[in-house]
Amino acid sequence: MAGTGVFEEILEGEVYKYYSDGEWKKSSSGKAVNIVNPTTRKTHFKVQACTQEEVNQVMEIAKSAQKAWAKTPLWKRAELLHKAAALLKEHKAPIAECLVKEIAKPAKDSVTEVVRSGDLISYCAEEGVRLLGEGKFLVSDSFPGNERTKYCLSSKVPLGVVLAIPPFNYPVNLAVSKIAPALIAGNSLVLKPPTQGAVSCLHMVHCFHLAGFPKGLISCVTGKGSEIGDFLTMHPGVNCISFTGGDTGIAISKKAGMVPLQMELGGKDACIVLEDADVDLAAANIVKGGFSYSGQRCTAVKVVLVTELIADDLVAKVNAKVAKLTVGPPEDDCDITPVVSESSANFIEGLVMDAKEKGATFCQPYKREGNLIWPLLLDNVRPDMRIAWEEPFGPLLPVIRISTVEEGIHHCNASNFGLQGCVFTRDINKAMLISDAMETGTVQINSAPARGPDHFPFQGLKDSGIGSQGITNSINMMTKVKTTVINLPTPSYTMG
């Protein structure tokens with residue numbers, strides 16, 4: 001159970017504590033932030049409302065702890081990460097329970113997220129030892145006009161304090177995707193979890209605590225974004241920001257100055273289905289890609305662009321599969337569960353009403369009970385409808401019928417987003433040409449968009465983000481190159 005057993009010390013009364021300097025603490029504010037269960041729409045958890053002064057203290061502690069951690073041998077850093085990974089898997093049940101109650105993620109998927117996170121940490125530990133254990137040796141005479149009078153030794157060194165801000169939909173997995181690379185690279189880590197998902201993150205952080213990481217190296221501050229959000233992202237003690245979320249990331253990037261940024265900010269992932277596609281394969285992936293976790297994924301299929309010749313067949317097959325999706329509470333492992341908040345449900349409903357007014361074909365009747373929205377496929381969507389361009393982050397999927405492949409590519413590229421896309425065709429030559437033409441960070445061929453496996457590069461173009469994620473890319477991003485040049489009095493040639 002959440003907040004019991006080994007997790008007892010993170011909870012006092014009804015309010016979960018924040019983590020600083022190796023201890024679980026209560027905020028001096030005396031205030032708490034309520035976390036509403038999306039299913040019941042009632043307060044289920046409470047977390048500390050940390051103050052700006054407490055953020056200052058966390059930053060000072062993190063800066064000091066990082067200096068010592070940078071001197072810790074790589075193998076020792078990896079050893080502690082492996083311990084944290086094992087503890088995370090061992091305590092998957094209570095952490096998954098938090099995910100079910102905080103973000104209405106189906107129970108089975110919640111367990112999968114925690115286990116996947118443990119695997120990510122272990123892989124990152126191994127990759128970090130290999131990647132950071134190597135340097136470069138350059139000689140000056142490889143550049144025209146130089147004799148071999150200089151030896152250059154380069155290696156990767158940590159940036160300092162990394163601020164990690166994960167989103168609500170994968171709060172544990174997307175937190176550890178930032179924490180593990182930061183730690184193996186020798187950085188300290190300050191985590192600001194999302195409100196919905198904060199308690200899951202606190203349980204996850206406690207696994208790092210139990211693994212025996214040095215005091216102050218990892219901190220987790222909870223609170224209102226209006227109180228500590230900008231204060232954290234603009235704090236002079238922060239040396240790197242890794243953020244996953246929405247429009248807030250654009251605001252952060254404008255204020256961050258010279259701080260290195262790693263950002264993934266959402267998408268409008270287009271699925272282009274050609275006339276020669278395996279329609280059954282495409283339909284299965286469209287339903288999986290569009291409706292898993294109720295469409296609350298940055299890599300969800302968000303618009304289907306299908307050629308007229310096979311559109312009727314594809315829509316019929318997608319429709320048949322949508323009809324089989326189960327709808328209900330996350331505890332019952334339903335396919336469609338409540339969206340994360342009432343405001344999200346209201347936003348989705350606004351997109352639905354706009355499409356209705358403008359003449360979209362509703363393949364199912366629109367149905368909503370509280371935060372629970374039944375899956376809805378919209379056919380004959382036109383570019384003048386909001387749903388053609390806006391990201392619903394819910395179980396709502398538009399189909400746009402196209403005359404040519406070029407029309408589909410144009411619609412994809414006209415979006416301000418450019419995270420992922422997918423193409424269904426039996427012709428690999430067409431697939432490659434379309435992939436090259438699509439302005440997205442990743443294109444999946446004959447499969448729905450997906451972030452994983454977690455060691456694959458993951459990046460967006462345009463408003464979908466800055467930089468690239470994936471274990472190796474994240475480690476590289478959270479380090480900088482340091483070089484030492486040895487100047488020789490006379491040219492030196494090996495075996496000369």
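The crossing of H2 and H6 is right-handed, a crossing counting as right-handed if the near helix is turned clockwise from the far one by less than a right angle, and as left-handed if anticlockwise. The model on screen is predicted, so that local features need pLDDT of at least 70 and side-chain atom pairs count only at pLDDT 80 or more, while totals for chains, interfaces and linings use all residues. Residues are numbered from 1 along each chain as its sequence is written, and side-chain values use heavy atoms, with hydrogens and water left out.

**First stop: H2 and H6**

Select residues 74-90 for helix H2 and residues 198-211 for helix H6, whose axes come within 8 Å and cross at roughly 130°; helices are DSSP runs of H or I with at least four residues, strands are runs of E with at least two, and both are numbered from the N terminus. That angle makes H2 oblique to H6, given that angles under 35 degrees count as roughly parallel, over 145 as roughly antiparallel, 65 to 115 as roughly perpendicular and the rest as oblique. The axes are lines fitted to C-alpha atoms over the stretch in contact, and the angles run from 0 to 180 degrees between N-to-C directions. Show side chains next: Leu80, Leu81, Lys83, Ala84, Leu87 and Leu88 of H2 meet Met204, Cys207, Phe208, Leu210 and Ala211 of H6, where contact means heavy atoms within 4.5 Å. This contact divides into 10 nonpolar residues, no polar and one charged, with Ala, Val, Leu, Ile, Met, Phe, Trp, Tyr, Cys and Pro counted as nonpolar, Asp, Glu, Lys and Arg as charged, and the others, Gly among them, as polar.

**Second stop: H5 and its partners**

Now select helix H4 (residues 107-132) together with helix H5 (residues 173-184), which pack at an angle of about 20° with their axes 9 Å apart. H4 and H5 are therefore roughly parallel to each other, and their crossing is right-handed. The contact includes Glu113, Arg116 and Leu120 of H4, and Asn173, Val176 and Pro181 of H5; its residues divide into 10 nonpolar, four polar and two charged.

Seven strands form an open sheet of mixed pairing, in the order S16-S19-S20-S15-S14-S22-S23. Strand S16 (361-362) and strand S23 (442-445) stand at the edges, each with a single partner strand, so one side of each is left without a neighbour in the sheet. Two strands pair if DSSP finds at least two bridges between them.

Strand S14 (residues 270-273) pairs with S15 in the parallel sense over four bridges, and Ala270 has Val303 as its bridge partner in S15. Select residues 303-307 for strand S15, of whose five residues five are buried, meaning under 20% relative accessible area with a 1.4 Å probe and protein chains only. Val303, Leu305 and Thr307 lie on one side of S15, with Val304 and Val306 on the other.

**Last stop: Asn487**

Asn487 is found in strand S28 (residues 479-487). Its C-alpha is 6.0 Å from that of Thr149, although Asn487 and Thr149 are 338 residues apart in sequence.

Terms used: Buried < 20%, exposed > 50% of the residue type's maximum accessible area, 1.4 Å probe, protein only.
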